[in-house]
Amino acid sequence: GRAGTDCMWAQAVVTVALLVHVTSAAVTPMSVGQVSPAGFTEAVVCGPVNAFLPPSSPLLVQNSNSSTIAFMGSNLTNVRLKNKLSTLAVSVASYFGGSKKLVVLSAYLPPIANFSQTNVLVSPQYEGRAAYLGLAAIGTNPVPTAADIGLLGGLAVQAQLDWVAVPNASMIYVSVLPTACDTNMDLVFLLDGSSSITLANFQLMKNFVQALSD
């Protein structure tokens with residue numbers, strides 16, 4: 001009926017408006033040597049590397065969206081980086097009108113043998129949460145320029161990658177926080193109710209357990 005038609009028309013208008021907003025949002029390009037957020041190091045924003053994850057680690061997942069992202073090496077990342085890269089790939093396709101594609105030049109790195117005997121700088125890539133990214137032309141479209149890489153950096157910031165850097169005119173570097181643990185679990189709290197615990201301290205323990213479980 002008329003009401004149903006009006007509703008479908010309104011939904012279409014909203015959808016088009018959202019698409020226009022996303023594709024027309026101003027992108028601030030980054031320059032070589034620039035990082036975002038400005039003035040903060042990767043370690044401060046994303047935290048230190050805590051482990052060298054093997055490829056079989058449950059903290060690593062495969063990226064299967066090959067239609068929007070090209071992987072030059074391993075397609076393993078943590079969940080957070082996978083989601084951010086998917087968002088960025090859509091932004092790249094939209095912003096460049098389908099003429100360019102996001103390329104993951106290097107992401108997850110396997111553990112280094114005898115790492116304690118090397119002087120290699122530890123990277124979040126060993127935890128699957130950092131990557132070097134570039135662009136590739138689709139079909140006969142012009143090859144990406146240095147200006148395009150600067151725009152890629154701006155799009156990465158818009159896609160809310162936690163830390164973005166432009167090391168040179170041919171690629172950007174991104175990293176994210178470790179994947180948060182969101183698995184449900186059962187916890188058991190054991191409180192000491194012996195006579196050596198005062199009533200006030202016992203109440204403090206109960207308050208702590210309640211605050212933690214809430």
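Reader: Let's start with the helix pair: is the crossing of α3 and α4 left-handed or right-handed?

Author: Happy to begin there. In this predicted model, α3 and α4 cross in the right-handed sense. The contact draws on Leu88, Ser91, Val92 and Tyr95 from α3, and on Leu151, Leu152, Leu155 and Ala156 from α4. Sorted by class, the contact of α3 with α4 holds seven nonpolar residues, one polar residue and no charged ones.

Reader: At what angle do helix α3 and helix α4 pack, and how far apart are their axes?

Author: Helix α3 covers residues 79–95 and helix α4 covers residues 146–158; they pack at about 130°, and their axes lie 9 Å apart. To put a word on the angle, recall that only values over 145 degrees count as roughly antiparallel, while 65 to 115 is roughly perpendicular. The two helices are therefore oblique to each other.

Reader: Now the sheet. How should I think about strand pairing in general?

Author: The general idea is that strands in a sheet are paired by hydrogen bonds of the backbone, in a parallel or an antiparallel way. Here, six strands form an open sheet in the order β1-β7-β8-β6-β5-β3, and the pairing is mixed.

Reader: Which strands stand at the edges?

Author: Those are β1 (35–36) and β3 (69–71). Each has a single partner strand, so one side of each lacks a neighbour in the sheet.

Reader: How do strand β5 and strand β6 run, and how many bridges join them?

Author: Strand β5 (residues 100–106) and strand β6 (residues 130–137) run antiparallel, joined by six bridges.

Reader: Stepping back, what pattern does the chain follow along the sequence?

Author: Reading along, you find α-β-α-β-β-β-α-β-β-α-β-β-α, with five helices and eight strands in the chain. Of the contacts with a separation of 6 or more, 65% link residues 24 or more positions apart. As for burial, 29% of the 214 residues in the chain are buried.

Notes
Residues numbered from 1 in each chain as written. Predicted model: local features only at pLDDT ≥ 70, side-chain atom pairs only at ≥ 80, totals over all residues. Heavy atoms only, no water. Axes fitted to C-alpha atoms, helices over the stretch in contact; angles between N-to-C directions. Helix = DSSP H or I, 4+ residues; strand = E, 2+ residues; numbered from the N terminus. Parallel < 35°, antiparallel > 145°, perpendicular 65-115°, else oblique. Left-handed = near helix turned anticlockwise from the far one by under 90°. Contact = heavy atoms within 4.5 Å. Nonpolar A, V, L, I, M, F, W, Y, C, P; charged D, E, K, R; others polar. Pairing = 2+ DSSP bridges. Buried < 20%, exposed > 50% of the residue type's maximum accessible area, 1.4 Å probe, protein only.
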